[in-house]
Amino acid sequence: MGQARVRYREARVTRRRRGPLARLGLLLASGVALGLNLAAVGLLGVGILIATTLADLPRTDSLREVRLQEPMRVFSADGVLMAEFGAERRQPVPYAEVPPRLVEAFLATEDNRFFQHEGVDLIGLGRAALSFLQTGERSQGGSTITMQVARNFYLSPEKTFRRKLSELLLSLHIERTLTKQEILELYFNKIFFGHRAYGISAAAEIYYGKTLRQLTLPQMAMLAGIPKAPSANNPVSNPKRALERRDFILGRMRELGYISPKDYQEAVAAPDTARLARRPIELAAGYVAEMVRRDLVARYGEEAAYGSGFQVTTTLDSRLQREAEGAVHRAVLDYDERHGYRGAESKHKLAGLGDEALDALLAKAGKLPELTAALVLRAGDKEAEVYLGQGKRVKLTLGQMRWASRYRNEDAKGAAPGRVAQVVAAGDLIRLRKTAGGGWELSQAPHVSGALSVLDPTNGALLALVGGYDFQDSKFNRAVDARRQPGSSFKPFVYAAALDQGWTPASLLQDKRLEIPVNRGKVWRPDNFDGKTMGPIRLRLALIKSRNLASVWLLREIGLDSALDFATRFGFDVASLPHGFTLVLGTAAASPTQMAAAYAVFANGGFRVIPHFMDKILDGNGTLVFAAKAPRACADCWFRYPEASAGVQALSAAAGPAPEAPRVLDPRVVWQMNSIMGDVIRQGTGRKALELKREDIAGKTGTTNEVRDSWFCGYQKDLVAVAWMGFDDFSPLGKGETGGQAALGLWVDFMGQALAGKPEATLEVPAGLTEVRVAKSDGRLTRKKGDASLPEWVRQEDAQAPEGPAPTGETQEFVTEDPGYYERPKKAAPSGAPRLIDDLF
């Protein structure tokens, strides 16, 4: 202990005796020792950081499994693009498909030493650092293409030391794992070019409408300049800045020997032709595209649905879809013109405004199919001057707005205008419609809605579907999601049930007054549309003329439970149908597509098919992940085209294997129903369809109380088409807008185009039916000829008694268990919805 103290004191003495130089030397020695210790600690910390960072880097095998996001693309059956879903527009390409000159353009601006360095370019980093010290600006980048791949694919965007270290280490890791060509392939397919374009192939299509091989040298240089600053260097958003960037890159390519001076001079002299030229949506089918989107999101989830590059082929026929869209547009616009002009969409003060300001007002109006927004600059007695945009002005005379009597209500409008100024005034924002001759006429944005559902009766494939006037304006799909009362278009299902029970088209029904007690002491008194009765009436004639009282009488005779059960053969759910005698008058709720599937049973000879809209789905690798396997009816076992017209292409698919769809209806019943519904067109409520001058069409009209819904359900060999018109809020359409007017007009317009050039199909009488002559008065067998009798087809077993079974004669009460079928609860339907349907069509 003492010795230690001595040594301690000696040391203190020794230190005190040292001079200034000695003390300085000791201080330097201590500093060096401390510095070495700190350096060791620092190196240890850096080593630990590097070790932990390396542990977090992606596995080597994952570098080769990068999945590039691609949008979902939706096509018609004939390959026409309908929609794209997903934030990114990308079309991955292999490196071998990238032109060498395009590779050189990117190397010239991004990383000209790419093929010399190993992921981190020390020379480039030094050059960038020196430039920064000299100018204080980051005019040169030190980031290599490999570092950009590491940053864009595998790392977060945060700006921290560890993230930068990860970028450097990962770049070295990538270079050891992938070839230079593989790195470039990842880079070319990942980089962002603005306007939702990711990858060089998508950029070439969006800005120039070209493939990579079609690009010119100046176009390649322009694209190479975008990724550095996708907004500032964008040839569409900032063309002047982008052109400067292009020419700089061309200069770098010349300096590096990639192009000759002559190539350079020609390229910089070339004007830029960039514009947004992405592949347009070629088919307006927003409602079906949305159905596809919802289906894939439900199947795969949003992230996979929008980014896996699914290619969905629908069942739509692009020609029929275009005809369907046009028919719906014309139908709702024509309806509006029949009911008068509601006035300008809005009014503006236009005095002193130039074309640019007028254009801005028109842009706010939005676009509508078939209509052009316009501003009235002045209006006089004989004409109005109207501004259409982009400096274009036209004159409108009274003849171009003669229809525009003032709208009062659905059943009344004012007197025809005598002066232009009675219709429009300066400052009015109006809509114009192109005429067949190429001129303009006044129109207006429609308030009424329409829908059309068209399917192939052999397999249920939707060939066309329109859920409203404009998908962008209203995404509610009335063809699929709307539930509206079908009115008398539901009657054929009940009449088919009667025929299936042994009734015949000649059977005698009673079109007479009925009083039907319902719960709570109320009485329902159904009536015919014309308020009259016809007394005894043959079944065929009762459906042709759509007699309500006779139909209710028939439902009583065959039995409500039997009719409900029979309706399931057409695809209806018993639980969703009214369990009361209003069933036959169409008080059920159905969509146009449901009705089209039900009528397909009549069109295909008695087979139940399932409506569907997707044919197949391919994933991003082109692998089939879904294929529709819809049950099929026999394509040529019912309606047939004459042999002489075998060369004419049918709309439906070619005959496939043996029928897979279940038979739900006796072919004799189907033939009888087709005959009756053909007469609906020839002599009944569907006579407007005679305009088509075809004998192979059939169908049934439908109208609900106060004309709130207008339907026509009809078919031909290849097509079942159901048209509906009405207001979303259940407002009345107005007198005269029955199923035989509004909806049938839409149906005829579409079918006229869809069937143009097609021969008429024929239908042979199935075995088991025989022709007899019956009396018009009572449907009984007769030998009389002339106006008092007519031919009728009945089952062979009914040949001697074609009037069918005798009525029960019972006076049973019509009592519904659920009073809601008489008086609908308030929350069951929007305001103004009908409580009960008891009208004719």
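User: Which sense do β23 and β24 pair in, and over how many bridges?
Analyst: In this predicted model, β23 and strand β24 (residues 709-715) are antiparallel, paired over 6 bridges.

User: Which residue in β24 is the bridge partner of G702?
Analyst: That's W711.

User: What packs on the sheet there, touching β23 and β24?
Analyst: Helix α21, residues 667-683, touches both strands. Its direction makes about 65° with that of β23.

User: OK, zoom out. What order do the 5 strands of the open sheet come in?
Analyst: The order is β15-β14-β25-β24-β23, with antiparallel pairing. The edges are β15 (462-466) and β23 (698-703), each of which pairs on one side only.

User: By how much are neighbouring strands turned against each other?
Analyst: On average 5°, if you ignore direction.

User: And helix α14, which strands does it lie across?
Analyst: Helix α14 (residues 318-339) lies across β14 (449-455), β15 and β25 (720-726). Relative to β15, the helix runs at about 30°.

User: Switching to charges. How many salt bridges does the structure hold?
Analyst: There are 44.

User: Which residue does R708 form a salt bridge with?
Analyst: E706, with the closest N and O atoms 2.5 Å apart.

User: Which residues do salt bridges with shared partners join into one network?
Analyst: D355, R378, E383, E385, R393 and K395 are joined that way. Within that set, E385 and R378 form a salt bridge, with 3.3 Å between the closest N and O atoms.

User: Why does R378 count as partly exposed?
Analyst: Because its relative accessibility is 37%, and partly exposed covers the range between under 20% for buried and over 50% for exposed.

User: One more pair. What is the N to O distance between R640 and E764?
Analyst: It's 3.9 Å, and their side chains meet in a salt bridge. That pair links distant parts of the chain, 124 residues apart.

User: Where does each one sit?
Analyst: R640 is in strand β22 (residues 639-640), while E764 is in the loop between β26 (762-763) and β27 (769-775).

User: And how exposed are they?
Analyst: R640 is partly exposed, with a relative accessible area of 35%. E764 comes out as exposed, at 56%.

Terms used
Residues numbered from 1 in each chain as written. Predicted model: local features only at pLDDT ≥ 70, side-chain atom pairs only at ≥ 80, totals over all residues. Heavy atoms only, no water. Salt bridge = Lys/Arg side-chain N within 4 Å of Asp/Glu carboxyl O. Buried < 20%, exposed > 50% of the residue type's maximum accessible area, 1.4 Å probe, protein only. Helix = DSSP H or I, 4+ residues; strand = E, 2+ residues; numbered from the N terminus. Pairing = 2+ DSSP bridges. Axes fitted to C-alpha atoms, helices over the stretch in contact; angles between N-to-C directions. Contact = heavy atoms within 4.5 Å.
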